[in-house]
Structures are given as structure tokens and as C-alpha cells.
Amino acid sequence: MDQRTTVHSLPTAPREFGFWMDGAWHGGRDLFERRSPGHGVPVTRIPKCTPADLNAAVAAARRAFEDRSWAGLSGAERAGVLLRTAEILRRRRDEIAYWEVLENGKPISQARGEIDHCIACFEVGAGAARLLHGDSFNSLGDGLFGMVLREPVGVVGLITPWNFPFLILCERVPFILASGCTMVVKPSEVTSATTLILGEILAEAGLPKGAYNVVTGSGRSIGQALTEHPDVDMLSFTGSTAVGRSVVHAAADTNFKKLGLELGGKNPIVVFADADLEDAADGAAFGISFNTGQCCVSSSRLIVDARVADELETILSAKMKKIVVGDPLDEATQVGAITTDAQNQTILSYIEKGKAEGARVLTGGGAMSLGKGSYIEPTLFSGVTRKMAIATDEIFGPVLSSFRFETAEQAIQLANDTVYGLAASVWSKNIDTALAAARRIRAGRMWVNCIMAGGPEMPLGGFKQSGWGREAGTYGVEEYTQVKSVHIELGKRSHWIK
Ligand code: TXE
């Protein structure tokens, strides 16, 4: 796509999609119409799949798994498909970024950066496909040898949210495929386009038909049916903690499918007195505003040493005021539109609760009127106390709550004072202080003097109510496998019946 002519303009008519199953597009269904959250114009039309479509997609994934057309390939052959996918993504980067912007409302420059991360996911997945291996036990005595085989779990259901439609997808798909599994994906009903486009790309890269299928529709109908499907061996869900809980019930009530869950977060950013305060403020502004704070690893609780708190809050407020909020298709935009009306209402109601509960707004504090679309000012609350709603709940918006501590022990207690444990960030120039905090804060991803850093080599996932299991890297591939122990007797059997 020629970026100068098309990336910056809106489509003249919504693009109509079919759903992707068994290596082909399927149409002829009722459609949802999606409007661009940044502009209010219709951009895509997506099928409302039926339970029969879901059954057909699961059957296609089952056939592709059982016929060994994917699981039976060597790791090197699977890696070839993943690397070709990375190449095609490189070629179609601007186009995919464009549909992400139109359905999600994120800034175009950010969306392109996310596609680069997705390309890296496929490259790392390719390496993981080649390196995946089991284990052996040469310690069972001369008469017995033990092998541990890693086998793909089978048919995987993948349910993804709307905040990073393509990135979250690509943090999972290459690793699921690397393991030899096949899958049925159910993207969020408001951001399905790029998940569908990936079907076409994987087919061009040589993925056997049926290995990747996409059914579209609402969470309550198609999502719920996928979680309950008796022929799905594993389900990876990313979304709200409430739906995560219903996924666990559905698995228990049906076939005990294996689960991977990445749920909410209320992530601390802990700043010690010896931190570089300019750096920490920049990290805090980025950590809460990136993707309009609609990010499971957003650093939404600032926990700062009381001795430097006023200074840090002053630097931070000034930085947050400079963030460029605006049209997601504008190259200069840093923070785009809120993705859904429901999420917009949720964020604004938390801002009002914060004010009503007595927290002080240092910057932001409301909606922004920028013509069409929903925009919210990056907001910093000071004087937040432990029981306030803005202290405990995942807001999923650009709203940062600031707390103070007197001792390092209090800092760690405050950081851990949440039901979640997805991510955390620590800022200190003292290695003892930083490492002690990194070890004691209960979170799946820790950043020291940085925030949201890392690549798909490193595992992603949460402690506590933030979820189960890990995605990406070798840990991610292993999640989609199960181990089998094989015992081999060597030589003549010593007989039981004499
Ligand atoms: O998420 P849902 P929502 C959090 C965030 C946000 C809140 C609500 O706090 O404010 O969740 O967002 C599918 N069975 N996160 O309501 O409903 C749905 O179609 C099976 C954090 O949009 O959890 C979509 O594909 N599936 C999170 C996906 O679940 C169901 C990212 C997520 O939607 C279903 C998103 C059901 N009963 C929201 N109901 C993160 N960790 O990044 C819905 N779905």
C-alpha cells in the first residue's frame, strides 16, 4: 500500500470480510458494522458466525491436526512457514497497521511499531519450532531407558481482546503453530479485521488448510461456545478477569480443556529517591498513556518515595500535559481514541469516582472534544489512598494514581497490595534496592529503570488473578505441548511369572 496516498485517509466504504476457515474465505452471514473510534465512520463489516460455523471450524482444525499435515512436519519445515509469514507481514505492514488504527483507534505510528513486534514474534516462533525438544533419562539403570516427548496439545481455541488485536494474536499464533497445534481464533467483535487477514497471509506462507481458522462474533455467543466446545483441547484467553473466571467454569463443566489466561492488571511503578526522576517521569507518562492506557501492563499505580514525590509529580504533570492526543491517522499523534463507547464511559466514571473519593487531579481529569471520536486527557491523581476505586480497580484508561511511601518495605507492600500480578516497574540507581524490589514484587513481568521493554524471546503472563501460564518464547511454545514419558526396556525381561 502506498502510504502517502492511502494510509492517512479514511476508506470511502466499509470493507466487507468473510470468516476464514479451512484455508478459504466464507461469506453469506449477517454482518456487524464497525465504526472507526477515532472518526465515527463505518470501516469494516464482519460476519456474525453461527454455532454451526464454529463446529465446522473446530472440525477443520481437528482434521488438520489428525492428518499430520502440520504436526507431522519437522520443526525446520514449520519454521519455514513462520519465516515466510514474517516476510509477508513485512511487505503488508502498512496495510495491517491501517486496519488496526481504523478498528482500534490507536495512533498509526504506534500501530506500525506493533506490526514490527509481530514480525519478530514469527521469527522467534520459527526458532522455537526448530529448538523444541523433550528430555531423556539415562539414569534408570542398565535395563531401562526413559524419554520425555513433547507433543502438541491438539486443537487450541484462542480468544483475543480489542486493545492490541494483532499484537496479542501474534504473541500467541506463532508459538501455537511452532508446537504443532492447530487452532480456531475468536477475535473481539470490534477488532476482527487483522485476525482475518492473517488467515490469508498464513495460507500464502504455506500453512496447511485447517491449521488456522477464524470465527467472528460476540463473546457471549461464539466466544462462550468456543470455551465450552468438547473438541477443543486447550483454550488461551486474553481479556477481563470476569470472563476469565467464566472460562475456567466452562472448562470444568465440559472437557477440562487446558487453559492459558492473561487477565487484568493494576501494575505498580515504584520510584525510589535515588532514581533519575526525569527518566522515571518519562517512563510513568509513557507507561500510563501508551495505547490510551488500554493495556494490561499499563503502570497505573505510581508508588513514590515521599521525599521526592512533589518533585516527581511536578515533572510528570508537565510531561503528561505535552502528550499529543489526537486523530489516530495523524503521524504526530501519540495517544489516539478510546476504542469503545463502553470503555470510554468506564474510564470517565472512574475519573469521577476518584474526584468524589477525595483524590486530587494534578493534570487531565476529563474527556477531550476533538470533533468525532472519544478522547480522554492523560490524567494524574495525587493523594490516592488504598481503598479508593482508582487504587484497586483496573481502569483500562490513561488514569494514573499516585501513592507515597516512607520505607522500602512499605513500597513493596504497596506494590503487592492488589489482587493482580501482571507487571511492575522499579526505578532506582542502587542495584541492591532495585533487585530486592524486583525479586519481592509479585508480578510476571518486571522492568528496572525501563517500562514495557522486551521482545518475544521473554515469557509473558501473570501472577495471582492476572492469569495462568506464559505466552511467547520457549516458555510459550511449551505451554501448547504436553509431555509424555516413554519407558524402554533394554535386554531380556526379568519375568514376573516364574
Ligand atoms: O473484555 P472481555 P471487555 C479488561 C479491561 C476492560 C474490561 C472489559 O479492564 O475494561 O476487561 O473489557 C470475548 N466467553 N480487559 O468487556 O469481555 C470477547 O468477545 C468467551 C483486559 O471488552 O473480556 C473478546 O474477544 N469469550 C484485557 C474477549 O473475550 C468472551 C484486554 C475479551 O472481552 C465472553 C481486554 C464469554 N462469555 C479487556 N465474553 C487484557 N488483559 O489485556 C466476552 N468474550
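**Stop one: the pockets**

Select domain 1 (15–263 + 466–484) and domain 2 (267–448), with bounds from an automatic or database domain assignment: both give residues to the lining of the second largest pocket, so that pocket lies between them. This is a predicted model, where local features need pLDDT of at least 70, side-chain atom pairs count only at pLDDT 80 or more, and totals for chains, interfaces and linings use all residues. Residues are numbered from 1 along each chain as its sequence is written, and side-chain values use heavy atoms, with hydrogens and water left out.

Now show Arg 445, Trp 447, Met 452, Ala 453 and Leu 460, which are closest to the centre of the second largest pocket among its 29 lining residues. (A pocket is an open set of points on a 1 Å grid over the protein atoms alone, where a 1.4 Å probe fits, with protein on both sides within 12 Å along at least five of seven lines; lining residues have an atom within 4 Å of a point.) Colour α5 (108–131) next: α5 supplies the largest share of this lining, 4 residues. (Helices, H or I, have at least four residues and strands, E, at least two; both are DSSP runs numbered from the N terminus.)

Move on to the largest pocket, where Trp 162, Phe 237, Gly 239, Ser 240 and Val 243 lie nearest the centre. Domains 1 and 2 both line this one too, so it also lies between them. Pick α9 (219–228), which gives the most to its lining, with 5 residues.
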